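Thanks for coming, everyone. I'll walk through one structure today. Please have the sequence and the view open.

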Amino acid sequence: MLRRLVVTALATTATAALAASPAASAAPLPLPPLPLLDGGGSSSHDHLTVTVAHNGETDGTYVLECHPAGGNHPQILQACDRLDRLTTGDKDPFAPVPPGAPCSMIDGGRPTARVTGTWAGRPVDATYNRHNGCEIKRWNVFVPVLPGAR
């Protein structure tokens with residue numbers, strides 16, 4: 001709704017300004033693209049902090065920004081692309097394993113990760129581990145957002 005009001009107001013103002021100008025008979029100049037606005041009025045982008053532990057050389061904290069791409073994540077474009085593909089409809093790509101899900105008791109080691117920030121306009125605070133088959137699968141689906149397990 002806010003976007004519609006902003007677009008309408010800017011378009012009305014630009015049309016009125018062009019009509020009042022002496023060059024109104026010339027072809028109108030295209031309007032610059034509008035920034036996407038979130039509820040707070042700031043530019044909308046996806047910003048995540050990924051913290052990895054107990055995974056060897058990939059341990060650390062990484063910033064991943066998408067739309068536009070940026071940060072210090074080692075695979076920015078691939079990670080943003082993966083998240084875009086996982087984000088469909090109302091599906092939450094960061095959802096935990098459902099309680100009571102049947103999971104194999106495979107131990108995938110000690111790696112853990114936490115992802116916080118904002119994705120698709122929603123807050124994110126998700127934790128990952130490799131303690132059973134379901135958690136291993138959930139981790140693997142997120143590669144390259146999360147590093148491959150070592």
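Where does His-67 lie? His-67 is in the loop between S2 and S3. We will come back to that loop in a moment. One caution before that: this is a predicted model.

Let's get the outline down. The protein has three helices and five strands. Starting at the N terminus, the order is α-β-β-β-α-β-β-α. Of the 150 residues, 28% are buried. Now take contacts between residues at least 6 apart in sequence. In 50% of these, the partners are at least 24 apart. The exposed surface comes to about 9,500 Å². Carbon and sulfur atoms account for 61% of that surface.

Back to the loop between S2 and S3. Two residues there deserve a look: His-67 and Pro-68. The peptide bond joining His-67 to Pro-68 is cis, and its omega is near 10°. His-67 also has a positive phi, near 60°, and it is not a glycine. Is His-67 buried or partly exposed? Its relative accessibility is 41%, which puts His-67 in the partly exposed class.

There is another cis bond to find. This one runs from Val-143 to Pro-144, with omega near 15°. Pro-144 sits in the segment after H3.

And there is another positive phi. Ala-120 is not a glycine, yet its phi is about 55°. Look for Ala-120 in the loop between S4 and S5. Ala-120 is partly exposed, at 46% relative accessibility.

Next, helix H2, residues 76-86. Which residues of H2 are buried? They are Ile-76, Ala-79, Cys-80, Arg-82, Leu-83 and Leu-86. Note that an arginine, Arg-82, is on that list. Look down the axis of H2: the buried residues fall within an arc of 160°, so they line one face of the helix. An α-helix has 3.6 residues a turn, so residues three or four places apart point the same way.

What do the buried residues of H2 pack against? The strands are S1 (46-53), S2 (60-66), S3 (70-71) and S4 (112-119). The helix is H3.

Last topic: aromatics. How many aromatic pairs does a search of the whole structure find? Two. One of them joins Tyr-128 and Phe-142. The ring centres are 5.2 Å apart, the planes make an angle of 45°, and the pair is classed as tilted. Tyr-128 belongs to strand S5, residues 122-129, while Phe-142 is in the segment after helix H3, residues 133-141. The two are 14 residues apart in sequence, so the pair ties those parts together.

Phe-94, Tyr-128 and Phe-142 make up one aromatic cluster. Tyr-128 has a charged neighbour as well. Arg-138 lies over the face of the Tyr-128 ring, 4.0 Å from the ring centre.

Start with the cis bond from His-67 to Pro-68. Then turn to the buried face of H2. Finish at the cluster of Phe-94, Tyr-128 and Phe-142. Over to you for discussion.

How values were computed:
Residues are numbered from 1 along each chain as its sequence is written. This is a predicted model: local features need pLDDT of at least 70, side-chain atom pairs count only at pLDDT 80 or more; totals for chains, interfaces and linings use all residues. Side-chain values use heavy atoms; hydrogens and water are left out. Helices (H or I, at least four residues) and strands (E, at least two) are DSSP runs, numbered from the N terminus. Buried means under 20% relative accessible area, exposed over 50%, partly exposed in between (1.4 Å probe, protein chains only). Contact means heavy atoms within 4.5 Å. Accessible areas come from the Shrake-Rupley method with a 1.4 Å probe; for residues, only the protein chains shown count as cover. Rings of Phe, Tyr and Trp (its six-membered ring) pair if their centres lie within 6.5 Å; planes under 30 degrees apart count as stacked, over 60 as edge-to-face and the rest as tilted. A charge sits over a ring if NZ of Lys or CZ of Arg is within 6 Å of the ring centre and within 35 degrees of the ring normal. The arc is that of the directions from the helix axis to the C-beta atoms.
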